[in-house]
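Student: I would like to learn how to read aromatic pairs and strand pairing in a model. Can we work through one together?
Tutor: Gladly. Here is the structure.

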Amino acid sequence: MKQYIFTLIVFIFTGLTIQAQKKDELRLISSSYSVFNSKTGNAMFYRPVYEHLGSTLSSDSGYLHNDKVDRQYFEAYGNVIITQPDGTQIFSNKLHYEAAMQLATLTGAVRMVSTNGSVLTTDHLVYNMRSKIGNYYSGGRILSGSDTITSQRATYFENTGESYFNQKVIVRSTNVKVYTDSMKYNGNTRITDFYGPTNIKGNKGENLYTEKGKYHMATGQAYFSKNNLYTEGTKFLKGDSLFYDRQIGIGKAVKNVVFVDTLDKFYAYGGYGLYNGKNESITMTDKPLVVSVVKKDSTKKDSVSSFSPVQQKSEEELKKEKKELKKIEKEEQKEKKKSLKTESQTALVDKKTIEKNNQVPVSTNPQLDNDTAMDSVFMTADTLFSQLIFRKDYIARDFKLDREGGAIEEENEVDYGDPDSVSVDIDSTATLTLAADSLQKHTDSLKKKDIKQSTPENKVKKVQDTVTNKQQLQKKQPLVVGDQNRLEIEKNLKADSVLRKKAIIPQGGESDKLMGAALKNAQEGKRDSLPQDTAKTRIIKAYYNARLFKSDLQAVADSMYYGMQDSMFRLMGKPMMWAENSQISGDTIFLQVKNQKLDNSLLIGNAFMVNATSDSLKFNQIKGRKITTFFTDNRMERLFVDGNAENIFYNIDEKTNITTELVHDRSSRFKILMENNKLKEYVSIRKVDGKVYPIAEVTADKEFLPNFIWRPEDRPKSKDDLLNRKRDLSKSSFTAPTAKEGEDTGTMKATPKGEKTAEQATGNGDKTKEQTKAPQAQEATDKAAMGDKNTKDTEKTKQTAAPALSKMTTQADSVRTAIPAEAVRDSTQSSVKKKETNK
């Protein structure tokens with residue numbers, strides 16, 4: 001009984017297996033005829049059409065055979081066509097089909113047309129009809145809409161429309177070309193995912209580089225997350241995360257952001273950057289930092305400044321420079337030969353002298369010499385904005401400053417700057433027309449050739465039997481189409497193979513290399529090989545807590561503005577500047593750079609300069625409506641204080657180094673000349689009032705000029721301090737006492753004879769008005785004041801002013817650092833010499 005049941009079960013399973021095998025077998029639907037091969041035992045069918053699990057397989061010829069384990073195979077030749085239930089079709093020259101696995105191996109001009117419109121062409125395709133997954137390993141392409149993707153290897157998922165490409169992947173679209181070694185592409189969404197070094201090149205010359213990210217071929221939006229870099233001409237934008245929208249031309253970079261423009265030598269850092277390609281602007285936040293290059297103190301020729309526009313030289317000037325360099329090289333070679341001869345003849349020459357002779361400079365590269373004398377200027381704020389604008393839209397400020405002081409007059413304030421809306425109009429929709437696909441060109445040429453070959457050179461004879469003529473045409477037409485398709489695919493595959501060989505696929509690390517080279521170019525101030533756009537200029541805006549740091553100059557303000565056309569800084573909103581141990585402030589500060597060097601500064605409105613004395617408890621002060629300063633080799637060379645000019649300074653006894661008296665001088669203009677950071681000449685033009693107070697009788701209201709303020713804590717100490725600390729205006733600062741004592745308290749006892757007090761000098765206000773009305777008489781008044789023998793008090797003021805003002809410009813590392821006693825003695829000795837000469 002048990003044996004019977006076991007036999008029945010085996011019979012049932014055997015029957016089910018046989019039925020399953022019958023279902024997996026290919027079923028012949030039709031054929032033209034067949035030929036039986038007695039050797040193989042298989043029948044060759046011509047024009048057969050088979051059906052298998054809903055799919056049809058047809059060819060010019062083919063036969064079925066089974067292996068040792070009774071697995072069925074179909075071998076097909078010529079015009080192979082596989083049609084799946086969903087409508088997907090595959091064409092090839094040959095087919096090897098395994099029925100059990102539903103695995104088709106197609107060779108020779110393979111073309112797969114999916115229902116979603118994508119077309120895959122290759123020379124060898126392995127396709128699983130059950131999972132609908134295809135692979136090619138010897139080169140191929142997928143055409144999806146306007147995207148053509150070619151690679152050496154690929155895996156195609158028909159159900160999802162996704163494809164994975166490897167080795168020499170090239171994507172060609174209407175707007176971009178992509179070069180990579182590893183990529184995923186979705187034909188339904190046109191979204192590409194990159195897993196290795198990738199270049200996405202646009203028609204306008206822009207390039208996106210990443211080693212991991214997404215790109216939407218339809219919208220032009222990119223999301224990159226590893227080693228990202230965006231380049232457009234001379235502009236470079238790098239960040240840990242990068243977003244780019246090609247349609248609107250906006251790029252965003254987040255974390256460790258670097259922006260460089262090698263054309264105008266501009267580069268900036270920050271935590272967030274926004275680049276707008278339409279108006280060529282960059283906005284940076286999260287501790288942004290603009291770095292520019294200026295020259296240190298040097299007497300060498302000026303080269304191109306990163307803060308000033310690039311200066312182009314004519315061909316004649318360049319030729320002259322080349323000739324001069326050649327002459328210098330020849331002279332140096334002669335000197336070398338002479339030195340060698342003398343060294344060989346004089347064997348007893350000391351080694352030290354030889355070393356000195358060898359130290360003769362032989363470098364003929366001015367750039368190398370200039371690099372050693374470069375200094376960096378750092379600028380930061382809550383937000384930094386930089387843009388290229390047309391020069392005609394830039395409103396430059398020309399104050400017509402005169403190093404000799406010029407006329408004493410008031411200047412009306414004129415608004416400056418450019419509107420934020422100024423932009424470069426670029427048609428975002430305008431794209432360069434791409435050349436037609438070379439593969440399509442080949443197919444068009446093939447069609448033309450076929451047409452020409454089908455027409456004989458001699459005249460075509462008339463055929464009487466039209467029926468037979470139609471039959472002949474019907475027989476020939478499918479052969480021509482089939483041959484043409486085959487030739488088209490073969491041409492395409494050959495062209496793709498050539499394209500992959502010539503393509504430059506990034507290998508990794510390109511972002512660091514390119515950005516490093518761009519930064520080096522900007523830092524060294526080298527001329528860019530690209531022609532300069534002389535119609536445009538760059539502006540920089542820093543707003544909210546703007547700060548600037550240079551080794552010998554620091555500044556803070558609510559906002560700063562810089563224009564490369566006139567190389568001028570504008571500091572607005574409670575601006576304050578520090579030069580060595582002097583604090584400078586005003587309503588607005590203008591600072592101009594020329595030839596990579598600090599040239600001049602202008603303080604307008606409540607201009608004030610403060611300098612701490614050696615004990616850091618008393619302050620030398622100068623104020624006026626306007627202070628103009630001129631620099632030579634980045635050092636203060638002269639300054640003019642105009643408009644109700646006042647000066648307070650302390651005299652120090654040169655023997656005891658004790659402050660003895662306070663001098664308060666008032667004038668229409670102070671003229672101060674400097675040499676090597678020391679006072680050379682001090683002149684009070686159109687003197688109004690001058691008083692001297694013994695230090696014992698100086699009260700608090702005499703120690704400070706109106707609007708005095710002292711804020712050393714606001715001064716940036718270094719680049720790190722510049723980035724990490726903002727000035728806090730809410731904190732109280734050292735200001736002058738508000739409670740003023742009357743002059744009837746006996747504090748005016750030290751007033752020199754012949755000088756008038758404030759009550760006596762009732763006409764001072766009228767005098768200042770007359771000064772503004774008659775500015776042309778300034779120089780005459782100056783000479784009269786200088787030559788008048790009766791103005792002994794004026795001469796005394798000049799003599800006592802020398803030591804105090806020299807201290808105001810003595811170099812010191814900190815504002816509160818005491819001035820050395822030697823400097824004070826030198827200055828007081830100079831004042832003594834002046835007294836002797838005056839006597």
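Student: Is Phe74 buried or exposed?
Tutor: Keep in mind that this is a predicted model. Buried means under 20% relative accessible area. Phe74 has 0% relative accessibility, so Phe74 counts as buried.

Student: How is an aromatic pair described?
Tutor: A pair of aromatic rings is described by two values, the distance of the centres and the angle of the planes. By the pairing rule, this model holds 20 aromatic pairs. Take Tyr50 and Phe74: the ring centres are 4.8 Å apart and the planes stand at 55°, so the pair is tilted.

Student: Which parts of the chain does that pair link?
Tutor: Distant ones. Tyr50 belongs to strand S4 (residues 49–52), and Phe74 to strand S7 (residues 72–83). The two residues are 24 residues apart. Tyr50 has 1% relative accessibility and therefore counts as buried.

Student: What kind of pair do Phe157 and Tyr164 form?
Tutor: An edge-to-face pair. The distance is 5.8 Å centre to centre, with 80° between the planes.

Student: Which rings are linked into a cluster?
Tutor: Ring pairs join Tyr230, Tyr244, Phe259, Phe266 and Tyr275.

Student: Which residue lies over the face of Phe91?
Tutor: Arg111 does, at 4.9 Å from the ring centre.

Student: Now the strands. In what sense do S3 and S6 pair?
Tutor: Antiparallel, over 2 bridges. Strand S3 covers residues 42–46, and strand S6 covers residues 61–66. Tyr46 has Ser61, in S6, as its bridge partner.

Student: How many bridges join S6 to S7?
Tutor: 6 bridges, and these strands run antiparallel. Asn66 has Gln72, in S7, as its bridge partner. The hairpin of S6 and S7 has 5 residues between the strands. Asp70 in this hairpin takes a positive phi near 70°.

Student: How many helices and strands does the protein have?
Tutor: There are 13 helices and 43 strands. Of the 839 residues, 46% are buried. Among contacts with a separation of 6 or more, 55% come from residues 24 or more positions apart. The accessible surface is about 44500 Å², and carbon and sulfur atoms hold 52% of that area.

Conventions. Residues numbered from 1 in each chain as written. Predicted model: local features only at pLDDT ≥ 70, side-chain atom pairs only at ≥ 80, totals over all residues. Heavy atoms only, no water. Phe/Tyr/Trp six-rings, centres within 6.5 Å; stacked < 30°, edge-to-face > 60°. Helix = DSSP H or I, 4+ residues; strand = E, 2+ residues; numbered from the N terminus. Buried < 20%, exposed > 50% of the residue type's maximum accessible area, 1.4 Å probe, protein only. Lys NZ or Arg CZ within 6 Å of the ring centre and 35° of its normal. Pairing = 2+ DSSP bridges. Contact = heavy atoms within 4.5 Å. Areas by Shrake-Rupley, 256 points an atom, 1.4 Å probe, with all protein chains shown as cover.
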